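User: I am new to this structure and would like to learn how to read its features one at a time. Could you give me the general idea behind each feature before turning to the case at hand?

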Amino acid sequence: MIRLLRNGVVLQFKILSRSAFDMLNAIFWPLVFATIAYYVFRAGSEPESLFTASLGATVMTMWGTVGIGASGAIQWQRRLGTLELLIGSPAPFIAILAPLTIAFSGLGIYSLAATLVWGRVLFGIPIDVVHPIWFVISLPACIVAIGMLGLLVASVFVLYRAAVHLGNSLEYPMWLATGLLIPLSILPGWVTPVSWLLAPTWGMRALRESALGGSPLPAIGMCLGVSVAYGLLAIVFLRYFERLARAKAAFALS
Amino acid sequence: VNWLRVFFVGGLTSYRALFRWLNPWVYVPIMLVYPIFQILFFAYLGRGAGLESDTFFLIGNAVSVTAVACLFGMGQVIGNERWFQTLPVLLSSPASRLALFLGRSLPTMLNAIFVSAFSLAVGAIVLGVTIPASAVEGLAFAILACSFSCTGLGLCFGALGLRGRNVLIFANLVDGLILVICGVNVPLQELPGWVQTISRGLPLTHGIEAARRVVAGASAGAVAHLLVVEVLIGIVYLLAGIALLRLFELEGRRTASLETF
């Protein structure tokens, strides 16, 4: 099982790294959001927030690629004609799907590199990470947590033909609700408890605390905690919807 | 008469067949829900940073939604001919190319106008922004002008569909650029001079400026010069798109690449 997961992540990451569309999403879009954030924060009242904006843009892109990629993961396999083969294989379907969504999240590594270099070269933002070791631990924790959230989304969208578009429409709501660039304190009060359930909140917190100083350990712990919770929920949903799709013979329908 | 039939009936039929986002399961999340949250996101970003008002972000983002509808719309209604393998059949027909392809731009524009107006209205209600009744006329002209100019640029992307297979990559790229450099979310004067020069040659920049001035109290007549420039930019892109369509059709025929992927 571990070999399946590891090889799956590596294989899917390599495939995605060769996709022009996915690489564009991973590298170009964080630069768009980071640039807007730099100008907004620089022109506004909080110039010290520029480095945080880089991290925020990175996590935004992680969710952006996962939201679209994970939602469309099953649709993609359906289009390639491999969905029934994967379902029919002896390996649990979730062990095949999880590496795909984590690999989408892993594209965030490119996003991070792109935003940090962009911020340094164009805006002179220093890359000073206070706890480099914690930062190196926080990054995969964030990637896995967001990838597992993508898995949960994918497991719910099994029967939804236009899943990729629904996933796309979740981009901005997720970015809003998790306080990646916007302080949660200025959003309506009910958003804060919602944000606690969402992986990007804890991933961003772990990266921010590692980079700017603080205690990232609780946030890393929450990343792992929500990952397990998403995984368990995904197993339940996937089992239910997979059975429903088998009963309806609806897997190959596009 | 045949030209007009191809333009109106053919344009609408092609639009319905090739613009895959018309399906309500796609249309609602992408064309209606997505822009509302985009507006909210940037309005709250501005609030968090203490920069500009909600009105600034509402107008910028609601008008910029026309770019999504037009760039992706035109990209799909021409580019999808290749995906559905109908391109050679279409290009072997004797129908006027202008009627064929420009006919598809009309529904694209109408859709962009609807999506933009819807986003503006819902965004204003959610954010509590009051748009004066006197501004409605000017806003309508601004949205119309921006829809036209974005459709012109969209035609260029559509033309690329005769040459390449993944037009949406380019549309995605330009959509991102527009968010940064056309004054949608960042005041133009904050950008470097050379970026401002580029943005002046792109759709939306003048239209958004006109829309903001109108909401601030200017009359439609007072911003007419901005709207004229916006329309002129659209005409330039439209002509470029027509030229590219002709060029890529000839190239496709010469290299027998109309069906290649």
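Analyst: Let us begin with cavities: on a 1 Å grid over the protein atoms alone, a cavity is a set of points where a 1.4 Å probe fits but cannot get out, and its lining residues have an atom within 4 Å of a point. Grid points are joined across faces, edges and corners, and a volume is the space filled by probe spheres set on the points. This is a predicted model, in which local features need pLDDT of at least 70 and side-chain atom pairs count only at pLDDT 80 or more, while totals for chains, interfaces and linings use all residues. Residues are numbered from 1 along each chain as its sequence is written, chains are lettered from A in the order in which they are written, and side-chain values use heavy atoms, with hydrogens and water left out.

User: Which residues line the second largest cavity?

Analyst: The second largest cavity, with about 30 Å³ of space, is lined by Gln38(B), Ser64(B), Val65(B), Val68(B), Asp175(B) and Leu179(B). Here H3(B) gives the most, with three residues.

User: How many residues does the contact take from chain A and from chain B?

Analyst: With contact meaning heavy atoms within 4.5 Å, 35 residues of chain A and 31 residues of chain B take part. Buried area is the accessible area (1.4 Å probe) that two parts lose on being put together, summed over both, and for chain A and chain B it is about 3,100 Å², 80% of it on carbon and sulfur atoms. On the side of chain A, Ile36(A), Tyr39(A) and Tyr172(A) lose the most area to chain B, together 21% of what that side buries.

User: How many salt bridges does the rule find across the interface of chain A and chain B?

Analyst: A salt bridge is a side-chain nitrogen of Lys or Arg within 4 Å of a carboxyl oxygen of Asp or Glu, and across this interface the rule finds zero. The side of chain A that touches chain B divides into 26 nonpolar residues, seven polar and two charged. H2(A) gives the most to that side, with 14 residues. Over all chains, however, the count comes to nine salt bridges. An example is the one between Arg104(B) and Glu81(B), at 2.8 Å from N to O. This pair links distant parts of the chain, with Arg104(B) in helix H5 (residues 97-127) and Glu81(B) in helix H3 of chain B, 23 residues apart.

Definitions and conventions:
Helices (H or I, at least four residues) and strands (E, at least two) are DSSP runs, numbered from the N terminus. Ala, Val, Leu, Ile, Met, Phe, Trp, Tyr, Cys and Pro count as nonpolar, Asp, Glu, Lys and Arg as charged, and the others, Gly among them, as polar. On a 1 Å grid over the protein atoms alone, a cavity is a set of points where a 1.4 Å probe fits but cannot get out, and a pocket is an open set with protein on both sides within 12 Å along at least five of seven lines; lining residues have an atom within 4 Å of a point.
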